[in-house]
Amino acid sequence: MSTSEAPKPADAEIDTQKQLDYWNSVEATPNGMLGGYEHISRIDIQGSKNFFAKLKLDRTPPLRIADCGAGIGRVTKNFLSKINSEVIVDIIEPVKKFTDEIAKPENFVEEKAAGKIGKIVNVGLETWTPEEKAYWIIWNQWCVGHLTDAALVEYLKRCAGGIKDGGMIVVKENISNCPDDVYDEIDSSVTRTDHKFRALFKEAGLRMVKTEVQRGMPSSLFQVRSYALQPN
Ligand SMILES: C[S@@+](CC[C@H](N)C(=O)[O-])C[C@H]1O[C@@H](n2cnc3c(N)ncnc32)[C@H](O)[C@@H]1O
């Protein structure tokens, strides 16, 4: 009989306290949010705008958005708050020192976005439940790697209950270029394969409306892919 054990799945190493310790050590700046690659922010935001436009969502108010794993609000400030004059963006982010930046009115004055910020909720997505049918968009960018596969499926099921009719869940994440998911011990996250993402969306009862690879990223970085999802 063989004594060798099957290798652990990548998400078995996920440690929430380690994640929080890491992010609390990171500077509350765009460069901190992007791991030293601040210069990719502009192209990322433009890619998100293009992807979102193609979804052709109905814009009948209320237009409440959740920016999940929002960090210092980079996506909210440059994109989500500017979609429409009616939008209100709730911020879901476990690290308070990041959301303290969002709460500073001077950081959102230039874009006239200050009045667009709704609630700021300092929790991890593994414990957040959106209000029922409250959101037009639930935007998740560069953060769901902090959840185990099982926690991500449960979270996505809760999101399905949290979007209003015609609303959309968007997941925009790095994609593993290996055959399997890859664990990153620095921030205790997993980078998933496209195949794994699709399987987890299916398990959560979500239908993929659109998916697209972000163009123009440096070839030294992971591929970045956006997925637009709705309940089946
Ligand atoms: C790479 S940054 C991305 C921030 C923002 N989405 C952006 O694109 O600029 C990852 C963010 O995920 C947050 N995070 C860490 N653990 C999390 C968790 N369990 N749930 C939600 N967000 C988490 C971090 O605090 C950090 O703000």
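Helices (H or I, at least four residues) and strands (E, at least two) are DSSP runs, numbered from the N terminus. Lys133 has a positive phi of about 50° although it is not a glycine. Lys133 is also partly exposed, with a relative accessible area of 48%; here buried means under 20% relative accessible area, exposed over 50%, and partly exposed in between (1.4 Å probe, protein chains only).

This is a predicted model, in which local features need pLDDT of at least 70, side-chain atom pairs count only at pLDDT 80 or more, and totals for chains, interfaces and linings use all residues. Residues are numbered from 1 along each chain as its sequence is written, and side-chain values use heavy atoms, with hydrogens and water left out.

Another loop, between H3 and S1, holds Lys56. Phi of Lys56 is near 50°, a positive value in a residue other than glycine, and Lys56 is exposed, with a relative accessible area of 71%.

Seven strands form an open sheet with mixed pairing, in the order S3-S2-S1-S4-S5-S9-S8; two strands pair if DSSP finds at least two bridges between them. Strand S3 (117-121) and strand S8 (206-213) stand at the edges with a single partner strand each, so one side of each is left without a neighbour in the sheet. From one strand to the next, the twist averages 20°. Axes are lines fitted to C-alpha atoms, for helices over the stretch in contact, and angles run from 0 to 180 degrees between N-to-C directions. S1 and S4 pair in the parallel sense over four bridges, and Ile65 stands opposite Ile137 in S4.

Helix H5 packs on this sheet, touching strand S2 (88-92) and S3, and its direction makes about 160° with that of S3. The buried residues of H5 (residues 96-103) are Phe98, Thr99 and Ile102. They cover an arc of only 90° around the axis, which puts them on the same side of H5; the arc is that of the directions from the helix axis to the C-beta atoms.

What lies inside? The largest nonpolar core has 28 residues, and those with the most contacts inside it are Leu125, Trp128, Ile138, Tyr155, Leu156 and Val171. Such a core is a set of buried Ala, Val, Leu, Ile, Met, Phe, Trp, Tyr and Cys residues joined through side-chain atoms within 4.5 Å. H7 gives the largest share of this core, six residues. A second, separate core of 23 residues includes Leu57, Val87, Trp139 and Val170.

The structure also holds nine aromatic pairs. Rings of Phe, Tyr and Trp (its six-membered ring) pair if their centres lie within 6.5 Å; planes under 30 degrees apart count as stacked, over 60 as edge-to-face and the rest as tilted. Here are two of the pairs:

| Pair | Type | Centre to centre | Between the planes |
|---|---|---|---|
| Trp23 and Phe98 | edge-to-face | 6.2 Å | 75° |
| Phe79 and Trp139 | edge-to-face | 5.2 Å | 75° |

Trp23 lies in helix H1 (residues 16-24) and Phe98 in helix H5, so the pair ties together parts that are 75 residues apart in sequence. Both Phe79 and Trp139 are buried, and ring pairs link Phe52, Phe79, Trp136 and Trp139 into a cluster.

Notes. Contact means heavy atoms within 4.5 Å.
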